[in-house]
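Dear colleague,

I am passing this structure on to you, and I would be grateful if you could look through it before reading my notes below.

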Amino acid sequence: MLFWVIAAILTLGASLAVLLPLAGGPKGASAPGDHDLEVYRDQLSELDRDVARGLIQPAEAEEARAEIGRRILRLGAAGQADTTARRPSVATRLVATVAVLAVPLVSWGLYIKLGSPDLPSQPLAERLAKNPADSSVDELVARAEAHLAANPSDGRGWDVLAPIYLRLQRYSDAVSAYRNAIRLDGESAARQSGLGEAIANAAGGIVSAEAQNAFEAALKLDPANPKASFYLAMGLAQEGRTGEATVAWQNMLGTLPAESPWRRAVEQALAENAKRAVASGTPAIGPDAQAVEAAQSMSPQDRQAMIETMVAGLDEKLKQNPHDTEGWMRLIRSYVVLGKADQARDALSRGISVFGADSEEAKKFTAFAASLGLTATE
Amino acid sequence: MTRKQKRLSVIVAGLAFLGAATGLTFYALGQKASYFYMPGDLATATVQPGQRIRLGGLVEKGTIERGQGATVAFSVTDKQKSVKVTYTGILPDLFREEQGVITEGSFGPDGVFVADSVLAKHDERYMPKEVADGLKAKGVWQESKSE
Amino acid sequence: MVETGHFALVLAFALSLVQMLVPLYGARAGSQKMMAVGGPVAVTGFALTALSFAALATAYASSDFSVASVWENSHSLQPLIYKITGTWGNHEGSMLLWVLILTFFGALVAVFGSNLPATLKANVLAVQGAIGAAFFLFILATSNPFTRLNPAPIEGRDLNPVLQDLGLAIHPPLLYLGYVGFSICFSFSVAALIEGRIDASWARWVRPWTLVAWMFLTGGIAMGSYWAYYELGWGGFWFWDPVENASFMPWLAGTALLHSAIVMEKRSALKIWTLLLAILTFSLSLLGTFLVRSGVLTSVHAFATDPTRGVFILCILTLFIGGSLALFALRASRLTAGGLFHPISREGALVLNNLFLTTATATVLVGTLYPLALEAVTGGKISVGAPFFDLTFGPLMLPLLAIVPFGPLLAWKRGDVFAAAQRLMAAFAAALAAMLVTGLFVDGASVFAALGVGLAVWLVCGALTDLAVKSGFGSVTPAIMLRRFAGLPRSVFGTALAHLGLGLTLLGIVGTLSFGTEKILSMHAGETVELSGHTLRFEGLYPAQGPNYSEDRGRFVVIGADGNAKGEISSAKRFFPVRQTTTTESGIRTVWFSQLYLSLGDEGNDGSVVVRLWWKPLVTLIWGGAVVMMAGAAMSLMDRRLRVGAPARRKELVPSASLS
């Protein structure tokens, strides 16, 4: 509101600057000749001074004086001609009116188009100093960052900032914040599992070996850490070991307290896992206890065989329906886990060729493969 | 002399002066301007050893060698050909591998370009214009790859 | 506050349109009231532009990253001074500074022009308004500094580290005061052409503006040169870089204008030429703005390139230069010729000065534009550097400098060269002595060096001779001489100081170029190096932390003849993490007028550092001479003659202040 008042006052002032001279009383004009006459007089007196100082010879000075004299005479002749002021015509009034109106019209018209009148100034100091409750998350983070830039060895600060980064989806910042916190304040289950989550999210949700290490470290410190268990199971699912994943998640459901927020996540993951299993046409090792039991009771060889069948099924499915980014990543991971590097590489290059070498997906695949220690063959 | 003759002689003198200045200017342009080349251009252009030119391109990766004292050798490339350059002095702050540079100097008899000045790009945001244009013309550098 | 500034800018644009049209129409229609609109509108327009600029500077000072240009060119950790100077350390802000100064000069004409003929004043303000309108439109359409970001980023992208220096606080404002100051001369010329007549007072009005603009431009160029000298770490003070040339051309043309305006003012001669020169000088300023702002040239000055901006400025350039020259072609024949003079006279000397200076301007223009034209036509790329200018600009300057001392000693209308030469005998003897001493006793002095030193001494002594002769040295008693000296017009002192400053600058240039020494070597801590009698010991590299950078500072101790430390020089490599940029801070120690200059290079693997060391004799005189020239201009401005030029003693006839 204040802005509009200021704008109105400024406009008024500017319009007055145009209006006042136009509305003012008649002004006495000096004929242009008066100015010239004064200059010529000064030139004459300066000539005398120059003669006295020897800057001009007397003969030339006489000549110059005559020249100036002739100009003064010419001035007198011309001066008589146009001294009459003309009466303002209709056109003059029109121009004056347009000029006065143009100031508010042009300025407001242009400003409405260009300006952002609703946007207040936001000096940084003010933004950082205001009540934290009113600050945006960005501003709080900036405040914390400023603090940590000054005190980089404040482990608690990093500890607080890291989960916020995570929530803001600034995953790589979160990774370094967690690492700083761990380095300065030592390991804890929460920090390790947070680090794992940050690493996994930074890699687009893929639980890489690095993330796995972090989660495993968390579980060592706190075997009941739900985040670590959840993500480890997720990793299994991503490898295509849906059966094992299901078992792990079901175990979690068994141990998690009723009010734990993780229950919902686990249930959701289970449901999705089941759906994926059905869709991919692999034996539905869903949440039915029999299949789980069956899988658990299998001999390692059988289990291996079963997994290979599943992987082959996935491969087949991708041949028919190749535009499944996640499917490709699962396949690559599965081959890597099975120790079949050649096939993994083959899957990687097939996946890349589906989306084209320059596509986002291809980059994701390459990065993902690299995180598994696999490089594309040229 | 009449007034007219006087005026004429002044004008003639002025014109002669201007003519001399113009002649000098174009002579100097022919002699003292240095041409800009990229390494790939040198095959087709005839550049005598000792002739001053400006050579531009990217600093080829892994070619920077620091000799004894303040002499540095590196290769300038346009991704087609590369030319070895030696320079004695302090390299600009923005001199880095894979970055655009313009060097000025002349070829020695051994085919090594001896630079007496090395300019790197002034700002993180752009390459020296000549280098960027040259690389674009050769299709090596795309707009999208610029920072 | 930010939006208030934005609104004020738009309002100032609207006012510039009124200022362009109403007084012009009033002058044609003979309406006193409409002509009177120009003054208050110009002053209000300046106030609004100043408000707008203050708003932007506040946004920069308070790191308001909701303003796009602040976000792009500032950082919260920068020291306050660089936050403020950063206001014009970017394209948008520097254009706002440009129009701020333009409206400032317009307002000065409005305030101090109450003794100008009404129509002349109205037309001058209208032309000034037209230039303003074009540049306001340019800013609003292509380079609005008030573009906002929502939501606002929390941190900015930092100012180009090279610009984080005190030089940015001084160089651009001074340079713009010079560049834009010539717009007044331009407006006066176009106004005279519109009216089809030149009042006798015209030159008296134009000369002080030329002096002001020239004074600031001299300072701006000198400051830019000194800044480049210590900031870029190459030890050079002038690179014949196109951007430098862009500021040097208006200076040369402006110097010519300054001299031809004297003839016009005193003798009412050379009217048409002076008019043309005034137009050309500002046209060169506009050309400079175009070259720097359009992105045609790449340099540290071209902050950002955007083709629409280049095209827009090119249109402004064509409109104003083409328009004014066309008007000149149409109207110049209507202007009456002035007084007569003999070729050998004060007037003749000033014409010669103009001939040399404009030709020199033309060679610089060719050297600057030829590469651009060649690239546009054939695609060939050439660079024109010092060798070209040494061959063209040099030969033009040497004879000009040699005849400078004669000019002020010649009489008006018809002079006597022999009498002047006799009076200059002492100066000539001094110059010859200096030349011989240099040639015979200074090691490594070339013929050119001796000649250069002689020429510099000739200029300095010539200027002093002028003062001595005019106060009657040798013909009157010392007491009378002293009284005469004190009674000399200020403009005589101005001339002498400006010419003396020129001599000092020349001495500095010759000293540095001819007798400077240089060493490049790689040093370990504890090693010593000796250059031109100065011994330095390298103490080592010391890391340090600045507000927004980290640095490795190399310390060197200066060792005197007795083996004790006399002082310290330090040079640093600074790393600015936000822009990922390194800069070099050179180390300088001034010994009398000379300087020891040191700059650090790369660190070797074995812990050694490349060090480049220069001994630059008399180098400070280059800029010291420029300061003396500025003092000369300031002295000239105080001359009483420049305040005449209007019927001041007949106040009853003057329109009572048109400003209320």
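What follows concerns the interface of two chains and then one residue.

This is a predicted model, in which local features need pLDDT of at least 70 and side-chain atom pairs count only at pLDDT 80 or more, while totals for chains, interfaces and linings use all residues. Residues are numbered from 1 along each chain as written, chains are lettered from A and ligands numbered from 1 in the order written, and side-chain values use heavy atoms, without hydrogens and water.

Between chain B and chain C, 37 residues of chain B are in contact with 44 residues of chain C (contact means heavy atoms within 4.5 Å). The area buried between them is about 3,600 Å², with 64% of it from carbon and sulfur atoms; buried area is the accessible area (1.4 Å probe) that two parts lose on being put together, summed over both. On the side of chain B that touches chain C, the elements giving two or more residues are α1 (3-32), β1 (34-37), β5 (82-88) and α2 (129-137) of chain B, and α1(B) provides the largest share, 11 residues (helices are DSSP runs of H or I with at least four residues, strands of E with at least two, numbered from the N terminus).

Not counting residues up to four places away in sequence, C:T505 touches C:L621, C:I622, C:G625, C:A626 and C:M629.

With best regards
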